[in-house]
Amino acid sequence: WPAALAAASGAVAAADEAAAGRIAYALARPPGHHAYARRAGGHCYLNNAAIAAQRLRDRGAARVAVLDIDSHHGNGTQGIFWDRGDVLFVSVHGDPAGYYPWYVGHAGERGSGAGEGCNLNLPLPQGTADEGWLAAVAAGVDAVRRHRPDALVLSLGFDASVDEPLSYLRVTADGFARAASAIAGLRLPAAIVQEGGYDTATIGGLLARFLGEYAA
């Protein structure tokens, strides 16, 4: 619990920076995007990205977008904002027909009520490499741009890496750097919140490449 609380607090601090018009990165562990409002899951206990998004709303952002590029679907984040129109949720992830969280994250899930059309899932088949993944990221960036948010929360996972021991997708360091450039092109205040990525030999290098390209 102290670690989960510290991770969520880091996400809040990053959101406060974004509310002031800046870009900040929260090194959050444990991750959060599988946690629902009332249920933990997938090693997640508090949904750091959702907390950051709500913090931005509370600090005056009329519209917020959450873009999740972790290799797993952010089912908890989707659930939290499912029926809300003020927060767009976009997820690029491995096809749940063959990958955790299995039961949710399909392309037909679009939100309900006030949130109808504010949920976009972009599932990818196993083995998808840079070009296919980056095309989905570009589609997600376009959806964020159309939403016209005041700020962005980026759920940044590196478990799509080709070097991950349980890799479902096959993204290279160059692919992550290109994604950073595409997302930074939105020119939005942003809270970047760490999600997955478990190959300790490579995750630091991937993060350095990503943040370096984002800030370029």
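**Arg22 and its partner**

I looked up Arg22 to begin with, and in this predicted model Arg22 is partly exposed, with a relative accessible area of 43%. I then asked which side chain Arg22 meets in a salt bridge, and I found that of Glu17, with 2.7 Å from N to O. Glu17 is partly exposed as well, its relative accessible area being 30%.

**Helix α1**

I turned next to helix α1, which covers residues 2-19. This helix has 18 residues and reaches 25 Å from its first C-alpha to its last, a span that I noted as close to the 26 Å expected at 1.5 Å a residue. I wanted to know which residues of α1 are buried, and I wrote down Ala4, Ala7, Ala8, Ala11, Ala14, Ala15 and Ala18. Seen down the axis of α1, these buried residues fall within an arc of 115°, and so they line one face of the helix.

I then checked what the buried residues of α1 pack against, and I recorded the strand β1 (23-26), the helix α2 (48-58) and the strand β6 (190-194). At the end of my notes on this helix I put down Gly21, which follows α1 and has a positive phi, near 90°.

**Other salt bridges**

I went on to ask how many salt bridges the model holds, and the count comes to eight. One of the pairs I looked up is Asp86 with Arg84, whose side chains meet with 2.8 Å from N to O. Asp86 counts as buried, at 15% relative accessibility, because the cut-off for buried is under 20%. Arg84 counts as partly exposed, at 22% relative accessibility.

I also looked at Arg178, which forms a salt bridge with Glu131, the closest N and O atoms being 2.9 Å apart. This pair links distant parts of the chain, for Arg178 lies in helix α5 (residues 173-184) and Glu131 lies in helix α4 (residues 130-147), and the two residues are 47 residues apart. Arg178 is partly exposed, with a relative accessible area of 42%.

Notes:
Residues numbered from 1 in each chain as written. Predicted model: local features only at pLDDT ≥ 70, side-chain atom pairs only at ≥ 80, totals over all residues. Heavy atoms only, no water. Helix = DSSP H or I, 4+ residues; strand = E, 2+ residues; numbered from the N terminus. Expected span 1.5 Å × (residues − 1). Buried < 20%, exposed > 50% of the residue type's maximum accessible area, 1.4 Å probe, protein only. Arc of directions from axis to C-beta. Contact = heavy atoms within 4.5 Å. Salt bridge = Lys/Arg side-chain N within 4 Å of Asp/Glu carboxyl O.
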